[in-house]
Amino acid sequence: MLENFKKLNITLGWLVFAIATTVYFLTLEPTASFWDCGEYIATAYKLEVGHPPGAPLFQLFGRIFTLFAAQGTSEVAVAINIMSALCSSFTILFLFWTITAFGEKMFFKDENNIEFGRIIAVLGSGIVGALAYTFSDSFWFSAVEGEVYAMSSLFTAVIFWAILKWDEEMREIQNGQLQPEHFSPDRWILLIMFMLGLAIGVHLLGILVVPAIAFVMYFRVAKKVDLKGIILVGILSIVVLGFIQKGVISGSIAM
């Protein structure tokens with residue numbers, strides 16, 4: 001039954017992705033819209049310097065997408081808007097898998113005795129949650145224009161999904177289902193660090209997932225979970241967040 005759930009989980013995730021992609025492509029901005037979109041499109045197209053603190057990774061990916069447009073035309077703006085639409089629909093995909101991962105943790109305590117009704121409930125929750133976010137005003141707004149928020153949301157979604165994959169493998173190691181010497185979950189931590197570094201090149205929104213990562217790790221590895229530990233982890237995660245913001249991002253460049 002668990003194998004059937006995993007197959008359905010993958011299939012329905014891509015179905016939700018297809019729905020989101022279709023919606024965003026049909027409602028795509030035909031040119032540059034208000035706010036910073038015109039600047040981002042122009043600086044990505046010519047690889048120029050945008051306003052501080054900058055979005056170099058967004059501009060590099062944007063430049064790649066503009067190569068598929070007729071140069072010097074309004075297709076350049078459309079190409080970057082398409083990039084935002086794809087980033088947003090991939091965000092929906094990982095959001096679906098994040099929701100179902102939480103549902104699996106909550107309802108599939110006994111993997112040998114999984115009720116079909118619970119599978120429907122978990123997958124249904126993923127569909128409802130992902131599609132609700134697909135059509136939410138703020139997310140849909142940024143999904144169809146050349147702004148950094150769509151790509152930043154994608155990095156946030158992938159990073160949080162990755163820590164849940166780490167948590168899943170750690171649980172299997174603790175239950176004796178996996179051998180850590182042959183199958184280390186630390187690769188997910190390395191992926192998260194790499195993605196966090198890349199996310200900084202798009203928007204600082206991506207690093208806000210750090211406290212959530214800290215709590216997932218705490219609840220998995222702590223021998224005893226109590227209020228004191230929760231408060232300490234919360235404070236420590238905020239300190240780490242501040243260190244990344246001031247020490248690593250701006251401090252390293254200032255040095």
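This is a predicted model: local features need pLDDT of at least 70, side-chain atom pairs count only at pLDDT 80 or more; totals for chains, interfaces and linings use all residues.
Residues are numbered from 1 along each chain as its sequence is written, and side-chain values use heavy atoms, without hydrogens and water. Local features need pLDDT of at least 70, side-chain atom pairs count only at pLDDT 80 or more, and totals for chains, interfaces and linings use all residues.

Across the whole structure, 17 aromatic pairs were found. Rings of Phe, Tyr and Trp (its six-membered ring) pair if their centres lie within 6.5 Å; planes under 30 degrees apart count as stacked, over 60 as edge-to-face and the rest as tilted. The ring centres of Phe 94 and Trp 161 are 5.1 Å apart, and their planes stand at 65°, so this pair is edge-to-face. Phe 94 lies in helix H4 (residues 75–107) and Trp 161 in helix H7 (residues 149–174), so the pair ties together parts 67 residues apart in sequence. Helices (H or I, at least four residues) are DSSP runs, numbered from the N terminus. Both Phe 94 and Trp 161 are buried. Buried means under 20% relative accessible area, with a 1.4 Å probe and protein chains only.

Trp 161 also pairs with Trp 188. Their ring centres are 5.6 Å apart and their planes are at 90°, so this pair is edge-to-face. Trp 188 lies in helix H8 (residues 186–200) and Trp 161 in H7, so the pair ties together parts 27 residues apart in sequence. Trp 188 is buried, as is Trp 161. One aromatic cluster is formed by Trp 14, Phe 17, Phe 90, Phe 94, Trp 97, Trp 161 and Trp 188.

The axes of H4 and H7 come within 8 Å and cross at roughly 25°. Axes are lines fitted to C-alpha atoms, for helices over the stretch in contact, and angles run from 0 to 180 degrees between N-to-C directions. H4 and H7 are therefore roughly parallel to each other, a term for angles under 35 degrees. Residues in the contact (heavy atoms within 4.5 Å) include Phe 90, Phe 94 and Trp 97 of H4 and Leu 154, Trp 161 and Arg 171 of H7.

Val 23 lies in helix H1 (residues 2–26). Its relative accessibility is 16%, so Val 23 counts as buried. Leaving aside neighbours within four places in sequence, Val 23 is in contact with Phe 135 and Trp 140. Val 23 and Cys 37 are 14 residues apart in sequence and 20 Å apart in space, C-alpha to C-alpha.

Note on methods
Helices (H or I, at least four residues) and strands (E, at least two) are DSSP runs, numbered from the N terminus. Buried means under 20% relative accessible area, exposed over 50%, partly exposed in between (1.4 Å probe, protein chains only). Angles under 35 degrees count as roughly parallel, over 145 as roughly antiparallel, 65 to 115 as roughly perpendicular and the rest as oblique.
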